[in-house]
Amino acid sequence: MFHRIGRTVVRHPIWTIVAWVIAAVAIIATAPSLPSNSDESSFLPSSYESIKAMDLQEKAFPSAFSPSAIVLYERADHGKLTATDKADIAKITKGLGQKKIDQVQKVTDGTPSKDGKFDTALVQMDKKSQGQPKQADAAKALRDDSTALAKGTALKVQVGGQAAQNLDQQDAGKTSDAVALIGSLLIIIITLAIIFRSPLIAVMPLILLVGVVFTVANALIADATKVFGLQANSSISALLIVVVLGVGTDYFLFLMFRYRERLRAGDEPKEAMINSVTRVGEAIASAAGAVIIAFCALALSTLGFLTQLGPALAILVAVTLVAGLTLFPAICSLIPPRILFWPGKKWDQEPTGTRFASIGKLVGRRSGMVAIVSGLVMVLLALGTLGYKASYDLASGSIPKTKESMVVQDTLSTAYSAGAAEPTNVYLTSTAGKPLPADFTSYADKLRGADGVADVTFDQKTDLNKAGTTANFTVTLKYEAASDQAIKAVGDVRTVAHDNAPPGTEAYVGGSSSVFKDINAAVNHDYRTVFPVAAVLIMVILGLLLRSVVAPWYLIASVGLGFGATLGATVLIFGRGDGLIFLLPIIMYLFVVAIGTDYNILMIARLREEAREGRDPREAASMALRHAGPTIGAAGLILAATFATLMLSGNAFLTQMGFAVAFGIVVAAFVMAMFFTPSLTALIGHAAWWPGHADRAEPLEAGAATAGGTGDARDTELDESRRR
């Protein structure tokens, strides 16, 4: 199949390029705009208690609201608020309400702090637009208008809350995108220029990946989001840029290394490109298939963010794969090698005594020692996972601490009770539609006695709905809403609320801490579901590629060991304080497992190819390292470096992700694929391919050596000639 693809593309390069242009224009022109939703409650399905509580609140207390934004007032000199200041605060709050800002429905007075230095105003926005970009725009308008209204006073006014966090997250995301893009471009250009000594090869993949592949994939992602009703999230754009540049450059490298090798072996240029697609196409397709399946496994997640991220990344890799097998070879086949590799002078000469040849000899001769040492390195790093702790404060993780919304959040936590900014709500509702019992004091006292509760308030005039069937108890926790202590405390509140609900009633606990607790449960569900499903599906791909039931087991085990080493190292570096962002292990698992499998596939496919030429297992491993080592090393270096650029974003979540994925790729490329996998395969020998005989020489395919000698026959002759 890949021989036919290569032959068609190389013989008809102009038509291939024209087909890409027509398809790209059609897809981009018809794609809808991609909306964004960063509301954390949208992560969860309606079956979780925090979402049930939210739905109950909207039905029983439609006029009640959790503030979408909080206006924080303080004196510029940080002193106590005076009577004049309080009058100015009342004037500003009233003025903000009269501005009729889009999305803003009401601005009400908040409460002063106990030390008299701070006061607040609470802003209600349209619930239907919660988490959407237009509410971030409303937060920007609030900041501008409150600053204008405060001119001439002694007050400093800042705006925080969810809408303001969304605004700051967008701004931080733009910075992250720019840093990721510029850093990745520089790394790829410099690395490719050093490897191939060609400015054309250095810039070609970037033009194709950013100008064509990324644009087409983004349009298809928008189509899929609309058709399947997926959640859209603006924070994944920086990740998509890094993935398309990293993975796309990997596939370009796989192709170009093999193309240069075939030219050095004596093939004519077009013949060399056809043979390159034939030989490397299966490895690229299998590697991409493993990545796509791993990302599609996220569809089983219960978190909205991951159900969007998985299909988006799968579409991106699929488009990159198609480009790698068609667009890349079509364009390269139009350019004579002397121009493509210019000004390099030794592109057509096989180097001798390379570093990878030495590594190959070591792996072939000392396979047992290499397997033990490389395996031990990963095991020791994996011990760090014992200290893993999750952080659920996604806002703080994705927004720099210096941003205004984070300053407001930190100030509210210190000036008021830590949980005052985001209280927990307990809704007691009648199951039969009858009015609730009149005595709510004892129930409030029970809630007040739960661990971690600072205060419970209930006003029968405002906290009981008109029908008298639902009561709202506002519970203030002692801890910040996203902290481990708050999540534990809200669990105790749930237990007390459920156990002490009077007969004929039911209690639901809502609020941010309740949402975080449910996210914790959802993540644990995903660990038990997504991880094993992705592993099994990748094993199936490996089994089909290698026609073996033995190799997939130790290959996936080695990738799992690489994941453990990566998580352990990340915990040791980032996990000692507040912990790692809760999404990180899942994302890390998918990237490290999928991309680690990429490099394993490339190495094992080359090892099989060498074995088919009559070499024994150890010699095959040695030669596989010699020829595939440079490709894996270069691909691993570029991909790791592109992900590492995320560490420059100033975003804690992307910093952790950048390090984790970059480190995981380094382990996958330079420990697992280069040492552990080939040495283990050499030790197992022919049994690694049981029950098939994938390492045995196969008869030539009919028509493989047709006119022009573009098939395996000519390929094998050249290989034999080169060895002699």
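I began with the side chains of Arg75 and Asp77, which meet in a salt bridge with N to O at 2.9 Å; by salt bridge I mean a side-chain nitrogen of Lys or Arg within 4 Å of a carboxyl oxygen of Asp or Glu. Arg75 counts as buried, at 16% relative accessibility, where buried means under 20% relative accessible area, exposed means over 50%, and partly exposed lies in between, with a 1.4 Å probe and protein chains only.

Before going on, I note that this is a predicted model, in which local features need pLDDT of at least 70 and side-chain atom pairs count only at pLDDT 80 or more, while totals for chains, interfaces and linings use all residues. Residues are numbered from 1 along each chain as its sequence is written, and side-chain values use heavy atoms, with hydrogens and water left out.

**Overall make-up**

I looked up the secondary structure and found 23 helices and 10 strands in the protein; these are DSSP runs numbered from the N terminus, helices being H or I with at least four residues and strands being E with at least two. Of the 724 residues, 58% count as buried. For contacts, meaning heavy atoms within 4.5 Å, I took those with a separation of 6 or more, and residues 24 or more positions apart account for 80% of them.

**Charged pairs**

I counted 19 salt bridges by the rule above. One of them joins Glu282 to Arg608, the closest N and O atoms being 3.1 Å apart. This pair links distant parts of the chain, since Glu282 sits in helix 9 (residues 269–296) and Arg608 in helix 20 (residues 584–612), 326 residues apart. Glu282 is partly exposed at 25% relative accessibility, whereas Arg608 is buried at 5%.

I then turned to Asp492 and Lys488, whose side chains meet in a salt bridge at 3.8 Å, N to O. Both lie in helix 17 (residues 484–499), 4 residues apart, which is about one turn of the helix. Asp492 is partly exposed, with 23% relative accessibility, and Lys488 is exposed, with a relative accessible area of 56%.

I also found a network of salt bridges that links Arg258, Glu261, Arg279, Arg606, Glu609, Glu610, Glu613, Arg615 and Glu619.

**Nonpolar core**

I looked next at the largest nonpolar core, which has 167 residues, with Phe591, Tyr599 and Phe643 making the most contacts inside it; such a core is a set of buried Ala, Val, Leu, Ile, Met, Phe, Trp, Tyr and Cys residues joined through side-chain atoms within 4.5 Å. Helix 20 gives the largest share of this core, 19 residues. Leaving out residues up to four places away in sequence, I found that Phe643 touches Leu239, Val242, Val243, Phe591, Gly658, Val661, Ala662 and Ile665.

I checked Leu321 as well, which is found in helix 10 (residues 304–334) and counts as buried at 15% relative accessibility. Apart from neighbours within four places in sequence, Leu321 is in contact with Tyr251, Ile284, Ala285 and Ala288. Its C-alpha atom is separated by 8.9 Å from that of Gly289, 32 residues apart along the chain.

**The sheet and its helices**

I traced an open sheet of 4 strands, in the order 7-8-6-9 with antiparallel pairing; two strands pair if DSSP finds at least two bridges between them. Strand 7 (453–457) and strand 9 (505–510) stand at the edges with a single partner strand each, so one side of each is left without a neighbour in the sheet. The twist averages 25° from one strand to the next; for angles, axes are lines fitted to C-alpha atoms, for helices over the stretch in contact, and the values run from 0 to 180 degrees between N-to-C directions.

Strand 6 (residues 424–430) and strand 9 run antiparallel and are joined by 6 bridges, and I noted Leu428 opposite Ala507 in strand 9. Helix 16 (residues 441–448) lies across strand 6, strand 7, strand 8 (470–477) and strand 9, and runs at about 165° to strand 7. Helix 17 packs on the sheet too, touching strand 6, strand 7, strand 8 and strand 9, and its direction makes about 170° with that of strand 9.

**Cysteines**

I searched for disulfides, meaning pairs of cysteine sulfur atoms within 2.5 Å, and the structure holds 0. Cys296 is partly exposed at 40% relative accessibility, whereas Cys332 is buried at 0%.
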